[in-house]
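These are my notebook entries on a structure that I had not examined before. I record what I looked up, entry by entry.

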Amino acid sequence: MLCPFKHLTVGYRLNSLFHFCAQLSTLPSKDRFISTSHHQYLHHLLEICPSMNQLKQIHAQIIVHNLTNENLTLGKLVSFCAVADTGNLGYAQLVFDRICEPNKYMYNSLIRGYVTSDNPAKAISFYHQMVGSGLSPNEFTLPFVLKACSSKSAYWVLVLVHGQAIKLGIGSVVCVQNALISCYVVCGLIHSARQLFDGMLERTRISWNSIIGGYTRVGSCKEAFLLFKEMRKLGVEPDVITLVNLLSACSQNCELDMGRYVHLYIVITGVEIDLILRNALLDMYAKSGRLHLAQRVFDRMADKNVVSWTTLLGAYAKCGLLELAQQIFSQMPEKNLVSWNSMISCYVREGQCREALALFQNMCDSGVLPDEAALVSVLSACSQIGDLVLGKKTHNYVCSNDIIPSVTLYNSIIDMYAKCGALESVVNIFNKMPEKNLVSWNVVIGALALHGRGLEAINVFEEMLAHGISPDGITFTGLLSACSHSGLVGQGHYYFDKMTTVYRIPCEIEHYACMVDLLGRGGLLEEAVRLIKGMPLKPDVVVWGALLGACRMHGNVNIARQVLKQILELEPHNAGLYVLLSNLFCEAQRWEDVKNIRKLMNDRRIIKGKAISFIEIEGRVNEFMVADESHPSSSNIYSMLNQLTDHMKPIHYLCNCSGEPFDLEEL
């Protein structure tokens, strides 16, 4: 009899076989040996089963023919579902839950399956369940339980498992010891890992790689290379993983010489270099700042993946080589999230925030979902250009997508609102933050200082101290700035002294600049001069500029002349300082001094840089400079300006802040 090919399946053959066995059930017991061979056949089919569909057919026949007590066969079924690439962990759990007395093999299979799943904590739960059922774990159980501990950093479970391994007499089994070393490393206990490693009677290459990788993880390049030296001395040949770990240690510490030593070792010994090792070499040269060597490694790579391209891109971006980074980015055959983030952050660091935001939009349009690093870069760009609209949209994106912000992302959000002028939003978000670090407090203190709310900044500082947070130099920069902008001279003096005497924070140049600004705004110019003369540091242009600004505020031309000499020595080509001096002399009606300043600028060919102004209208940020005609509505804008100018001309004179008149044409 012929049958179609589509019926020649495992299910069809099983149905025929089970039908035959069902007929045998009426035979005397002496003929029941056939069911044993049937069971063996099922067991064989489970071993070669390629998919869940066929496994379910086999499982159905196991149930139909009352073979659910055959733990050996059910163990194979659970193992396939839990471990195989084509398996189904949920199905394995369902089968397991219906087994009256699961054995050790079934527990091990499920523990192994959950370790590689999205829920490794379930593996630890099964381990506890296994021990509670009276089954003792073996050397096949503990390595996977320890791997689950590594992924969850479950320190106390690690200690418990280690103790149980010793109690059961398997603590000296090399695979268990290797797993323990890896777990101690992940939990940050490198000394415990080393103690265990030193006590091992037998070490495999995995043992050496685990401990070398551990020292790499904590940034101890020296210890990693000492172990490498000992490893070779004992005749253990390093493999690709060993060399990748060493190169990673060099990358973290920018140890170019040690990295080149590893490269030389690879060349001399003829180690087969795979793509991972080449990428590690590339990363080492890139992070050591040797871009020409990184480029050479990259150019010689026959095969490149997205990691190769992104590593080189990140190197150029980190060094601020924007054009080269753009070239690499545009040539990339494939881009991942790290590639986009590297390019966006490069634009932000170089001050090209509009380009950064446009690239971020392109990334979203291409279907790549932003991560926290991308959002932090976007918020930084919004902060720099004052784009409150896009900053709010980014914040709303975080809220609407159920993203749980880290403290770093929260800090970026409140910093954006602070620099965009939305102080109330800063305070509201800060008060709702579940976790605050020193940066969080510094951002709020700086925001309050920027908006002239000095007393509130002092209150926040005192609240920070009450929470047990120790201030740093940035904290006091914000605090002194707050005192300066609010005219709190006495409080400024108090905190300036407290910074060094109580908190042992050395006074940096920015703290002196804040104090000079504080004293200058308060009219205490002579005291400001004495402070500058007593500085242990050489005053920079910021310090002298603060004093010069105070001279202009109070019309003190004599001190301004003293400052002029110091500033011209430090920055003889700073156009802003010349303009400030010119305005000061102008307001004091020292016209001869004004001419001298302008002549000095002409002689030194100093040109005042064009400032960029930003204005937000109907949710859009517009940029413009002096005599700028790039705006689409520039003709209407200049028409309105001309009307205003014509309206003002009959007045002829304007009054400055000191009440002294000067001609409109001089403006």
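What covers the buried residues of H21? I began with this question, keeping in mind that the model is predicted.

**Entry 1: helix H21**

I looked up the extent of H21 and found that it runs over residues 353-365, 13 residues in all. From its first C-alpha to its last it reaches 18 Å, close to the 18 Å expected at 1.5 Å a residue. I then listed its buried residues, which are Cys353, Ala356, Leu357, Leu359, Phe360 and Met363. They lie on the same side of H21, because the arc they cover around the axis is only 160°. The cover over these buried residues includes helix H19 (322-331) and helix H20 (337-349), as well as helix H22 (372-385) and helix H23 (388-400). Just after H21, I noted that Gly367 takes a positive phi of about 90°.

**Entry 2: aromatic pairs**

I next looked up the aromatic pairs, and the count comes to 16. Tyr155 is partly exposed at 35% relative accessible area, and Trp156 counts as exposed at 67%.

I also took down the pair of Phe476 and Tyr503, which is tilted, with 5.7 Å from centre to centre and 50° between the planes. This pair links distant parts of the chain, its members being 27 residues apart. Phe476 belongs to helix H28 (residues 473-486), while Tyr503 is in the loop between helix H29 (489-501) and helix H30 (509-521). Phe476 is buried, with a relative accessible area of 0%, whereas Tyr503 counts as partly exposed at 25%. Both belong to one aromatic cluster, together with Phe461, Tyr494 and Tyr495.

**Entry 3: charges over rings**

Which residue lies over the face of Phe197? I found Arg203 there, at 4.2 Å from the ring centre. In another such arrangement, Lys436 lies over the face of Phe430, at 5.0 Å from the ring centre.

**Entry 4: the nonpolar core**

Lastly, I looked up the largest nonpolar core, which has 195 residues. Leu55, Leu110, Ile211 and Leu547 are those with the most contacts inside it.

Technical notes
Residues numbered from 1 in each chain as written. Predicted model: local features only at pLDDT ≥ 70, side-chain atom pairs only at ≥ 80, totals over all residues. Heavy atoms only, no water. Phe/Tyr/Trp six-rings, centres within 6.5 Å; stacked < 30°, edge-to-face > 60°. Buried < 20%, exposed > 50% of the residue type's maximum accessible area, 1.4 Å probe, protein only. Helix = DSSP H or I, 4+ residues; strand = E, 2+ residues; numbered from the N terminus. Lys NZ or Arg CZ within 6 Å of the ring centre and 35° of its normal. Core = buried A, V, L, I, M, F, W, Y, C linked by side-chain atoms within 4.5 Å. Expected span 1.5 Å × (residues − 1). Arc of directions from axis to C-beta. Contact = heavy atoms within 4.5 Å.
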